[in-house]
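Subject: Structure for you to look at

Hello,

Please find the structure below. My notes come after it.

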Amino acid sequence: MARNQLLNRFGTVVLLMLGVAVAYYAAGRVGLTLQLVVEGAVVTPLWPPTGIALTCLLWFGLRIWPGIALGTLLVILAISPFRAHSLGILAGNSLAPVCACLMLRRVGFRTELDRLRDGLALVFLGALAGMLISATVGAGVLLLSGQIPAEGFWPIWSAWWVGDAMGVLVVTPLLLVCRTVGRPVDLSPGRWAEAVCLVASVTVVTYAVTRTPVALLFLVFPLLMWAALRFQLFGAAPCVLIVSVLAISAATEGQGPFGGHGMLAVMSVLQALNGSAALTGLLLSAVVTEQITVRRKIELACSELAEVVDRLVPGSGVARRWPPPQDKDL
């Protein structure tokens with residue numbers, strides 16, 4: 001009996017590893033379609049596999065790290081033959097999300113992202129600090145193996161780091177909210193119409209401002225604030241993804257505000273936009289969600305107190321008058 005349970009558990013873990021590897025590889029193929037060439041090296045402004053790897057570690061635990069390593073290996077083989085320096089890239093890309101997960105666990109990170117501290121932890125520990133490992137190891141082994149010149153180390157390092165960090169900031173919140181929130185069935189028809197209008201507005205406005213030479217990229221931020229204030233992370237995460245993908249598409253094609261500039265200037269503008277959009281959506285959503293949670297706890301405490309008073313003072317009617325009517329659309 002115990003042996004069968006052990007075999008079943010082992011089989012489940014193996015399946016999880018294979019699933020993670022397949023998801024990592026598929027996301028890597030998507031990320032390679034958004035690639036740019038910096039100092040002779042291919043980098044991506046948004047590397048989705050890092051977000052998938054960190055999310056899977058948060059969901060299933062550190063036991064699935066071999067799946068991340070296998071997925072990384074498959075992506076490397078899809079780009080070029082496996083060489084000695086590829087082993088360093090494999091180690092760095094596998095170690096970075098593991099360390100990010102450990103740091104998030106250390107500070108009590110909750111996957112619901114319903115507190116400001118969780119949003120800040122994901123930004124500074126999961127994305128910015130954790131992805132220093134993959135960027136440093138990856139750019140370092142390329143330099144040591146002679147794949148890039150010495151003067152190209154910092155441009156490639158920065159592009160690598162930002163691309164991996166953006167993968168965490170854009171993809172991880174989207175995956176977490178899809179699992180924890182689910183389909184909001186209690187929304188009224190008016191709110192569904194508002195959600196559709198929001199997504200359409202973000203798509204149209206982002207497409208327009210990333211394809212016109214006039215500097216109008218700031219117009220996306222009121223829409224992201226709209227998404228965060230009205231729908232929290234469930235609305236902000238998809239909108240941030242739309243902004244990032246459309247902006248990267250315009251940058252790779254050299255259109256709009258990204259045209260007529262050097263690659264480093266394009267990367268700087270692109271990553272400033274993507275990073276600001278992700279931070280705006282994630283942190284503002286976390287603040288609003290935390291406030292809503294606190295308000296509900298206060299209402300529950302007041303309701304329970306009103307029931308106690310009504311029992312102590314029969315006929316007071318306090319419990320019947322509490323809680324006050326609420327607008328479900330707020």
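This is a predicted model: local features need pLDDT of at least 70, side-chain atom pairs count only at pLDDT 80 or more; totals for chains, interfaces and linings use all residues.

Residues are numbered from 1 along each chain as its sequence is written, and side-chain values use heavy atoms, with hydrogens and water left out.

Thr210 sits in the loop between α8 (189-209) and α9 (220-253); helices are DSSP runs of H or I with at least four residues, numbered from the N terminus. Thr210 counts as buried because its relative accessibility is 0% (buried means under 20% relative accessible area, with a 1.4 Å probe and protein chains only). Its side chain makes a polar contact with the side chain of Arg211, at 2.9 Å (a pair of N or O atoms within 3.5 Å, one able to donate a hydrogen and the other to accept it; residues adjacent in sequence count only if both atoms are side-chain atoms).

The structure has one cavity of 30 Å³ or more. The largest cavity holds about 50 Å³ of space (a cavity is a set of points on a 1 Å grid over the protein atoms alone where a 1.4 Å probe fits but cannot get out; lining residues have an atom within 4 Å of a point; the volume is the space filled by probe spheres set on the points, which are joined across faces, edges and corners). Two or more lining residues come from each of α7 (153-180), α9 and α10 (263-312). Of these, α9 gives the most, with four residues.

Regards

Note on methods. Buried means under 20% relative accessible area, exposed over 50%, partly exposed in between (1.4 Å probe, protein chains only). On a 1 Å grid over the protein atoms alone, a cavity is a set of points where a 1.4 Å probe fits but cannot get out, and a pocket is an open set with protein on both sides within 12 Å along at least five of seven lines; lining residues have an atom within 4 Å of a point.
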